[in-house]
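Welcome! Take a moment to look over the chain below, and then we can walk through some of its parts together.

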Amino acid sequence: CSSDLSEVSSQMNSDPADVHIFETRLQPHRSLSRQNFWLLIGFLGLINLITSVMFIIIGAWPIAGFLGLDVVLVYVAFRINFRSARVYEELCVTPIDVSVSRISVKGTKREWHFNPNWVQLEREEMEEFGTQRLSLVSRGRKLEIGSFLGPDAKSDLAHDLNLALAEARRGPRFSSAP
């Protein structure tokens, strides 16, 4: 409880221009957990082992090697998929700054900063498929955000980000309390 009170008091004493109006972390969705990945690989390996034994018994032993290759290829494909899931973007809107941080698969970080008074959120929509692309546009610069999100998630992000940008354009709120 005391940590909550100190957090509130530090926010009250902080500069209103530094208040985070909107902050989110965007990550690609992966439907298969690591535990289920190992279960899948084990199941595929068991099925291929049983099938390989049957082919060896009937004398078609070269097929057994190709069945093992299937499991290895599925393993490699999922490892690449899990590696690409480490990508994420962080968005933060304050009354004086809109910042976007993008962290790549290798862990390198790139940052962009925009003035909330000059930035526009551009949406590209297709009637059949929904929101296809979101971009922040300011003074000739265009930055696509959330490219790995689905249409519904992009639509939700656009709604929330538009509200945050509108709030940021109103400027910081200063309280008259001592």
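## A loop residue to start with

Arg139 has its place in the loop between β6 and β7 (141-145); helices (H or I, at least four residues) and strands (E, at least two) are DSSP runs, numbered from the N terminus. This is a predicted model, in which local features need pLDDT of at least 70 and side-chain atom pairs count only at pLDDT 80 or more, while totals for chains, interfaces and linings use all residues. Residues are numbered from 1 along each chain as its sequence is written, and side-chain values use heavy atoms, with hydrogens and water left out.

Is Arg139 buried or exposed? Arg139 is exposed, with a relative accessible area of 66% (buried means under 20% relative accessible area, exposed over 50%, partly exposed in between, with a 1.4 Å probe and protein chains only). Its phi is near 50°, a positive value in a residue other than glycine. The charged end of Arg139 sits over the ring of Trp118, 4.7 Å from the ring's centre. A charge sits over a ring if NZ of Lys or CZ of Arg is within 6 Å of the ring centre and within 35 degrees of the ring normal.

## Strands side by side

Strand β2 (residues 88-94) has six of its seven residues buried, so it is largely enclosed by the rest of the structure. Strand β1 (residues 22-26) runs antiparallel to β2, and five bridges join them; two strands pair if DSSP finds at least two bridges between them. Here Glu23 stands opposite Cys92 in β2.

β2 also pairs with strand β3 (residues 97-103), in the antiparallel sense over seven bridges. A hairpin of two residues joins β2 to β3. The bridge partner of Glu89 in β3 is Arg102.

## The nonpolar core

A nonpolar core is a set of buried Ala, Val, Leu, Ile, Met, Phe, Trp, Tyr and Cys residues joined through side-chain atoms within 4.5 Å. The largest one has 21 residues, and those that touch the most other members are Val100, Phe114, Leu121, Leu136, Ile145, Leu157 and Leu161. Two or more residues come from each of β1, β2, β3, β4 (109-114), β6, β7 and α4 (151-169). α4 gives the most to this core, with six residues.

Leu136 is found in strand β6 (residues 130-138) and is buried, with a relative accessible area of 1%. Leaving aside residues up to four places away in sequence, its contacts (heavy atoms within 4.5 Å) include Val98, Phe114, Leu143 and Leu161. By the same rule on sequence places, Leu157 touches residues including Phe22, Leu91 and Leu149.

Helix α2 (residues 34-57) has 24 residues, which at 1.5 Å a residue should span 34 Å; its end C-alpha atoms are 35 Å apart, which agrees. The expected span is 1.5 Å times one less than the number of residues. The buried residues of α2 are Phe37, Ile41, Asn48 and Ser52, and they pack against α3 (62-84).

Which residues form one aromatic cluster? They are Phe37, Trp38, Tyr75, Phe78 and Phe82. Rings of Phe, Tyr and Trp (its six-membered ring) pair if their centres lie within 6.5 Å; planes under 30 degrees apart count as stacked, over 60 as edge-to-face and the rest as tilted. By this rule the count comes to five aromatic pairs. Phe37 and Tyr75 form a tilted pair, 5.8 Å centre to centre with 35° between the planes. This pair links distant parts of the chain, with Phe37 in helix α2 and Tyr75 in helix α3, 38 residues apart.
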